[in-house]
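Here are a few notes to read alongside the model. Keep the 3D view open as you go.

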Amino acid sequence: MPKSTVVVVAWARTRMVIKGDFEPQLFERIVAHELVHQFQMKILKGRMLGLMLGMQRIPNGFIEGGAEYLTGLRLPHTRSDIRDDQMRMLASDIHTMPPWELLMSDGANGYVAWKMVFNFLDAKFGPGTGVKFHVQGIKGKGDLGLLLYSLSKGVLGNPTKNSE
């Protein structure tokens, strides 16, 4: 395989191609992340028509951040992981946290910012809340803001209606 090969999952055929010379721990994380995309695609295939016609929308960051979050449940980041460092820097100052509109428009680093949303839900509302948010969001169980409102039992409000 050429050195320029990158890790991808082809949406239509659910294939994975991966460069084989990563460090074993990193290789395992990358494969797990890409396998999460396989899981996401199985769910999304039922919604493809609505997504293609633009009647429904899922931010790309929601997909990538969800893959990072779900991978991290099984294979936590190492202390020196780049994305973990990015999360710490982003969370260090409330002024650097992206607003809901930026998350929804893919204006923030989705791998990091959306993963923080899932982690926050688990920390604040119990383990598994982030998984419910991700799976129900991909299944199209309503607007993501309304889904946050529902899973938090109203504590977080609906950021789609009022992002304050």
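**Notes on the helices and rings**

1. Let's start with Trp114, which is buried, at a relative accessible area of 1% (buried means under 20%, exposed over 50%, partly exposed in between, with a 1.4 Å probe and protein chains only). Bear in mind that this is a predicted model, where local features need pLDDT of at least 70, side-chain atom pairs count only at pLDDT 80 or more, and totals for chains, interfaces and linings use all residues. Residues are numbered from 1 along each chain as its sequence is written, and side-chain values use heavy atoms, leaving out hydrogens and water.

2. Which helix holds both Trp114 and Phe118? They lie in H6 (residues 110-125), four residues apart, or about one turn; helices here are DSSP runs of H or I, at least four residues, numbered from the N terminus. Phe118 is buried too, with a relative accessible area of 0%.

3. There are nine aromatic pairs in the structure. Trp114 and Phe118 make a tilted one, 6.3 Å centre to centre with 35° between the planes. (Rings of Phe, Tyr and Trp, the last by its six-membered ring, pair if their centres lie within 6.5 Å; planes under 30 degrees apart are stacked, over 60 edge-to-face, the rest tilted.) Ring pairs also tie Phe62, Tyr69, Trp100, Trp114, Phe118 and Phe133 into a cluster.

4. Now look at H3 (residues 60-74), with its 15 residues. Twelve of them are buried, so H3 is largely enclosed by the rest of the structure. Among the buried ones are Phe62 and Tyr69.

5. Back in H6, you'll find Phe120. Phe120 is partly exposed, with a relative accessible area of 39%.

Definitions and conventions. Helix = DSSP H or I, 4+ residues; strand = E, 2+ residues; numbered from the N terminus. Expected span 1.5 Å × (residues − 1).
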